[in-house]
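Let's take a walk through this protein model together. Have the sequence and the 3D view ready, and follow along.

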Amino acid sequence: MRATPASQSSFLFFVFFWSLISSPVSGFLLQHPFSRKHQSCSRCLSSPELGPLPGPAPGPPPEPSPPLPSKGIVTVLGPDGAQLRVIEAKPGSNLRKTLQASKIDVYDLMGKMTNCNGAGQCGTCVVKVTSPSWGLRSEYEADKILKGRKFGESEEYRLACQTTVERGEATVVVRPPKKGK
């Protein structure tokens, strides 16, 4: 039976690989310096062939940062500033849907008749969001809000249908007072 070139190359690769892992130096390298149980091994640390171990330098562990709350805590105020409700919301959920699920009226009378059902087209679900941990409004939201010129230019004015609930606390004023009123 004659050996094919493919089987010869496989055999040569096997012989080469076996010679690498069976040599005393490579056997030591393959099993020793990268395992977790030997990170403080004096033989590894003093070995000139291996050099320093990869990873962070030994020392005290870093201070843990305070954990973020697992939920978004939304304090909802009415247009007059009276507290309506405090809601625990899932981070990543839509603010408009969260408010409506909690039976909070997002729209004024005209907005109830002309809203776009959360598509971000009408600009009638404007809320005022005050929170250090929630992201800023998008350029699209700013354009929709400023086009109507009914509200201030503050970054706090957002479209509820385009706002995502984040971790942490926020104060939301529904149906905020318009400029000049």
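## The big picture

The chain exposes about 12800 Å², and carbon and sulfur atoms supply 59% of that area. Accessible areas here come from the Shrake-Rupley method with a 1.4 Å probe, and for residues only the protein chains shown count as cover. Keep in mind that this is a predicted model, where local features need pLDDT of at least 70 and side-chain atom pairs count only at pLDDT 80 or more, while totals for chains, interfaces and linings use all residues. Residues are numbered from 1 along each chain as its sequence is written, and side-chain values use heavy atoms, with hydrogens and water left out.

You'll find 6 helices and 5 strands in the chain. Both are DSSP runs numbered from the N terminus: helices are H or I with at least four residues, strands are E with at least two. Starting at the N terminus, the order is α-α-α-β-β-α-α-β-α-β-β. Of the 181 residues, 29% count as buried; buried means under 20% relative accessible area, exposed means over 50%, and partly exposed is in between (1.4 Å probe, protein chains only). Among contacts between residues at least 6 apart in sequence, 55% join residues at least 24 apart, where a contact means heavy atoms within 4.5 Å.

## How the strands line up

Start with β1 (residues 72–77) and β2 (residues 83–89), which pair in the antiparallel sense over 6 bridges. Two strands pair if DSSP finds at least two bridges between them. These two form a hairpin with 5 residues between them, and G81 in the turn has a positive phi of about 95°.

β3 and β4 run antiparallel and are joined by 3 bridges, with K128 standing opposite Y157 in β4. β3 also pairs with β5, again in the antiparallel sense, over 4 bridges. There, T130 stands opposite T171 in β5.

## Inside the core

Which residues touch the most other members of the largest nonpolar core? They are L95, L99 and V172, out of 24 residues in that core. The elements that give two or more residues to this core are β1, β2, α4 (95–101), β3 (126–130), β4 (157–159) and β5 (168–174). A nonpolar core is a set of buried Ala, Val, Leu, Ile, Met, Phe, Trp, Tyr and Cys residues joined through side-chain atoms within 4.5 Å.

Leaving aside residues up to four places away in sequence, L95 touches V127, V129, W134, A160, T163, V165 and V172.

## Charged partners

A search of the whole structure turns up 4 salt bridges. A salt bridge is a side-chain nitrogen of Lys or Arg within 4 Å of a carboxyl oxygen of Asp or Glu. In one of them, the side chains of D105 and K112 meet at 2.9 Å, N to O. D105 counts as partly exposed because its relative accessibility is 34%, and K112 is partly exposed too, at 45%.

Another joins E156 to K128, with the closest N and O atoms 3.8 Å apart. This pair links distant parts of the chain: E156 is in the loop between α6 (139–148) and β4, K128 is in strand β3, and they are 28 residues apart. Then there's E155 with R137, at 4.0 Å, N to O. E155 lies in the loop between α6 and β4 and R137 in the loop between β3 and α6, so the pair ties together parts that are 18 residues apart in sequence. Is R137 buried or exposed? At 9% relative accessibility, R137 counts as buried, whereas E155 is partly exposed at 42%.

## Out on the surface

L109, M110 and M113 form a nonpolar patch on the surface, with about 380 Å² of accessible area together. Patches are made of residues with over 30% relative accessible area and no salt bridge: like charges are joined within 9 Å, and nonpolar side chains (Val, Leu, Ile, Met, Phe, Trp, Tyr) within 5 Å. M110 sits in helix α5 (residues 109–114) and counts as exposed because its relative accessibility is 52%.

Finally, check K103, in the loop between α4 and α5. Its phi is near 60°, a positive value in a residue other than glycine, and K103 counts as exposed at 71% relative accessibility.
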